Amino acid sequence: MIDHASLLAVLPELILTVGGLALMLVAAFGGDRMTQVVNWLSVLTLAMAGAALACSLAHGPDAFDGLVRADAFSVYAKALIYAAAAAAILLAPRYFLAGGALRAEYPVLILFSSIGMGMMVSAGDLLTLYVGLEMQSLAAYVLASFMRQDERSSEAGLKYFVLGSLASGILLYGTALLYGFTGTTSFDGIAVAMSDGVGKGELFGMVFLLAGLAFKMSAVPFHMWTPDVYEGAPTPVTAFFGSAPKVAAMGLTVRVAIEALGPAGLDWQQIVIFVALASIVFGAVAAIGQTNIKRLMAYSSINNVGFALIGLAAGTPAGAAATMSYMAIYVVMTIGGFACILQMRDADGNPVESIASLAGLSQSRKGLAAAFAIFMFSMAGIPPLFGFWAKFLVFDAAVAANLTALAAFGIAASVIGAYYYLKIIKTIYFDEPAAAYEAKGGAVENVIMAACAAVIVFGYLLNPVLDRASAAAAASLF
């Protein structure tokens with residue numbers, strides 16, 4: 001018998017599934033001439049799924065006997081995921097049209113990936129976790145190698161697939177160990193089993209599980225795929241990888257750590273602190289010598305994941321809320337940054353990725369130069385931009401949890417990261433002009449770039465809403 005209440009809880013996923021399958025048929029029968037129609041219908045499908053989140057929240061916390069969580073945390077994460085996915089779809093047509101790879105399958109793949117990400121952040125069981133993660137990953141492997149005629153794209157897809165398969169195996173092994181030693185795959189059941197003490201088998205399972213999740217977040221030491229995949233994948237795909245899957249992986253990690261591994265807090269806290277510190281330092285140092293803007297953004301993402309994990313390391317409701325607030329602000333900065341990068345085109349309209357080509361941009365494209373400066377200053381955590389507030393929240397949560405040394409180290413490491421962000425601004429405003437970019441950017445890119453820049457500059461006005469939403473999301477986990 002069908003549980004109608006449970007179906008209501010997964011209504012966003014059902015909408016995305018039906019919409020994705022229907023649009024796949026439209027793409028198959030209509031061909032690439034239907035790409036623009038499929039693009040806009042995909043964005044509409046994501047908007048409908050976002051509207052359906054209110055229905056899933058009204059259902060209650062559990063569905064399908066605890067396999068799925070329909071709580072404030074999942075709604076918060078899904079809202080970010082759907083917004084980032086829609087932006088990645090809207091940013092794509094102009095880029096693919098110039099490269100001769102405008103295909104209707106692109107938005108459909110993002111829809112299917114969004115279904116997997118929704119399952120990830122709603123998981124209440126290790127089985128749901130794994131199915132959602134694999135569904136997201138399978139679509140991502142194809143997206144990375146979407147431009148088949150481009151060797152870099154094919155290489156990115158192959159590397160991502162091979163290393164992603166290895167990470168999935170590690171995660172699955174951790175899942176098997178936890179099931180073997182706790183006798184259950186339910187997050188609640190695992191927490192009950194660990195409340196009597198954490199055995200060696202459970203500890204090993206936890207380590208392997210967190211290692212697999214660290215790969216999906218591109219956290220050190222499981223970051224090795226990130227720079228090559230970010231550089232080789234088409235730029236709209238890189239924008240997608242840097243936003244929505246990051247939210248899904250971070251949200252899943254927070255849920256697993258708090259709900260399933262809560263009684264083992266002292267054990268996983270040490271792992272999270274190490275991963276956070278390693279990601280912050282490595283991401284900052286490795287980015288300094290980069291000459292390709294997309295590789296720099298890859299190391300920047302590693303660095304930002306480290307800062308977000310400081311909130312999780314606190315292990316408190318305030319820490320979890322700070323982590324999710326950080327991810328919301330990070331998504332806006334990332335989407336806006338890549339909207340700027342997509343406008344890096346030479347006079348003939350060909351994409352350019354070298355940082356040196358930005359020289360003199362302040363003279364030829366003042367608006368684009370200003371947007372770059374806003375996003376780079378914000379990522380560096382310079383007040384009064386919104387990126388500063390993101391870092392302040394996680395540091396404040398760490399101090400409140402008596403992790404003052406961790407917060408102090410994070411603040412000091414922020415200075416290293418600021419160097420390469422400021423280097424981009426220096427190139428734009430003070431270096432000898434390079435060859436000028438095309439005179440005018442794409443309309444959609446300009447709108448998204450301007451909207452994101454406005455949020456970063458005036459974001460403090462949104463603080464009451466963001467703080468309440470993040471606090472409600474975090475409270476649902478405890």
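This note goes through the fold, one annotated span and a few individual residues of the structure above.

1. The model is predicted, so that local features need pLDDT of at least 70, side-chain atom pairs count only at pLDDT 80 or more, and totals for chains, interfaces and linings use all residues. Residues are numbered from 1 along each chain as its sequence is written, and side-chain values use heavy atoms, with hydrogens and water left out.

2. The secondary structure of the protein comes to 23 helices and 2 strands, where helices (H or I, at least four residues) and strands (E, at least two) are DSSP runs numbered from the N terminus. An unreviewed UniProt entry lists residues 123–417 as "domain: NADH:quinone oxidoreductase/Mrp antiporter transmembrane"; such annotations may be inferred rather than shown by experiment, and their positions are given in the numbering used here, with feature names shortened. That span is 76% helix and 0% strand, and its end C-alpha atoms lie 34 Å apart.

3. The radius of gyration of the protein is 21 Å, which agrees with the value near 23 Å that a compact globule of 478 residues would have; the radius is taken over C-alpha atoms, and the globule rule is 2.2 Å times the number of residues to the power 0.38. Of the 478 residues, 60% count as buried, a term that means under 20% relative accessible area, whereas exposed means over 50% and partly exposed lies in between (1.4 Å probe, protein chains only).

4. Ser-378 is found in helix α19 (residues 366–379) and counts as buried because its relative accessibility is 0%. Leaving aside neighbours within four places in sequence, Ser-378 is in contact with Met-333, Leu-385, Phe-386, Gly-387, Phe-388 and Ile-456, contact meaning heavy atoms within 4.5 Å. Leu-158, in helix α9 (residues 151–182), counts as exposed because its relative accessibility is 56%.

5. Most residues other than glycine have a negative phi, and most peptide bonds are trans.

6. Ser-218, which is not a glycine, has a positive phi of about 60°; Ser-218 sits in the loop between α11 and α12 and, at 0% relative accessibility, counts as buried. Asn-402 has a positive phi near 65° and is placed in the loop between α20 and α21 (404–430), where, at 69% relative accessibility, Asn-402 counts as exposed.
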